[in-house]
Amino acid sequence: MQLFLRSLSAIALLLAISTPAHAKTVNVAMTVKEVDLPVDNKGTVQTMWTYDGTIPGPIVRVTEGDTVKFTLTNDPANKNSHSMDFHAAIVDVLDEFAEIKPGGTKNFSFEAKYPGAFIYHCGASSMAEHISRGMYGVIIGDPKEGFSAAYPKPDREYVLVQGDLFRQGTSVDDLLDGKNWIGALINGKVFRYDPVHDSNASETLQAKPGERVRIFYVNAGINDSVALHPIAGIWDRVYDHGNPRNVTEGVQTFLIPPASAATFDLLTPAGRASNNAIVDHAMRRALRGAISVLMTNEDADPTLGRGDRILVR
Ligand SMILES: [Cu+2]
């Protein structure tokens, strides 16, 4: 009996070693839609190109080691070819990431091999136009070992994706040269969460005093890095690329290159109301849209920063 139990536990151990504990297959489908969208809080509309009709596209959230089975549909009403480039995938740029015509569909699979926050974007030509018109989003791969002392469980999570806004109709050459750049989009709108700089803004990020707020920040800008600083705060921990192994502590300003992401923990002060301005500290972009206000007080909306409201819209 003892021998039998011992061999059973040996088998269990072998299974545990050979199969990742939580690996699963996650089906993700997106449809590219070329649509008119408001790009600021007062409702100025531009024709944008999107995944599923929103900027950014849907959040894809998996666990490290999961397999993503992805289907891309290019809506037949669209005028342009589009594609999908997941930065979390190790595949073939000419195969999986190839563009498809309006009415077309494409399937591919990949393993989310590394934990972290990764951008996805359209890679169809010209990429400068497809990305700056809004074709981007984030895939989050939670670490398979879960939370730990090195990667503590946050009280709230927020996703912020910063993109560019150019004057409608800007040529590809001018996009590449940064001409006709008129603003920085945060989750699709200039000053989206900043009622201080934009009286039309109605949304903010919220937390209660003393909470650990984790921000997944994606730079979808086509040329410039983001210099991310939490005005009136210090990043308690920054996980470069969102990978818990890439931790830096006590950070004022952290650089996020184009088409990259990092994850930021802010410990809000306990026992008092406070506010932070989450800012791209490059003034050209800060004062043209890249400021988001985090309000900390006891009345914080309990639904914000949780579930599907980690992206506030
Ligand atoms: Cu595209």
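1. P56 sits in the loop that joins β2 to β3 (60-63); helices (H or I, at least four residues) and strands (E, at least two) are DSSP runs, numbered from the N terminus. The peptide bond leading from I55 into P56 is cis, with omega near -5°. The loop between β2 and β3 also holds D52, whose phi is near 65°, a positive value in a residue other than glycine. D52 is partly exposed, with 15 other C-beta atoms within 10 Å. Here a residue is buried if 20 or more other C-beta atoms lie within 10 Å of its own, exposed if 12 or fewer, and partly exposed in between, with C-beta atoms placed from the backbone.

2. Residues are numbered from 1 along each chain as its sequence is written. The model is predicted: local features need pLDDT of at least 70 and side-chain atom pairs count only at pLDDT 80 or more, while totals for chains, interfaces and linings use all residues.

3. Two further backbone points deserve a look. The S125 to S126 peptide bond is cis, with omega near -10°, and S126 lies in the loop between β7 and α2. N180, in the loop between α3 (172-177) and β10 (181-186), has a phi near 65°, a positive value in a residue other than glycine. N180 is partly exposed, with 14 other C-beta atoms within 10 Å. Most residues other than glycine have a negative phi, and most peptide bonds are trans.

4. The protein chain splits into domain 1 (25-142) and domain 2 (156-310), with bounds that come from an automatic or database domain assignment. Their C-alpha centres lie 21 Å apart. Domain 1 gives 29 residues to the contact and domain 2 gives 32 residues, where contact requires C-beta atoms, placed from the backbone, within 7 Å. On the domain 1 side, β1 (25-38), β2 (45-51), β7 (116-121), α2 (127-132) and β8 (136-142) each supply two or more residues. The largest share, 5 residues, comes from β7.

5. V159 has F216 of β13 as its bridge partner.

6. The pairing of β19 (residues 274-280) with β20 (residues 291-296) is antiparallel over 6 bridges. I278 has S292 as its bridge partner in β20.

7. Which residues touch the most other members of the largest nonpolar core? They are V138, I215, F216, Y217, V218 and A261, in a core of 74 residues. Such a core is a set of buried Ala, Val, Leu, Ile, Met, Phe, Trp, Tyr and Cys residues joined through C-beta atoms within 7 Å. β9 gives the largest share of this core, 6 residues. Both domain 1 (25-142) and domain 2 (156-310) contribute, so the core lies between them.

8. Leaving out residues up to four places away in sequence, F216 touches A117, V138, I140, E157, V159, G242, A261 and T263.

How values were computed
Contact = placed C-beta atoms within 7 Å. Pairing = 2+ DSSP bridges.
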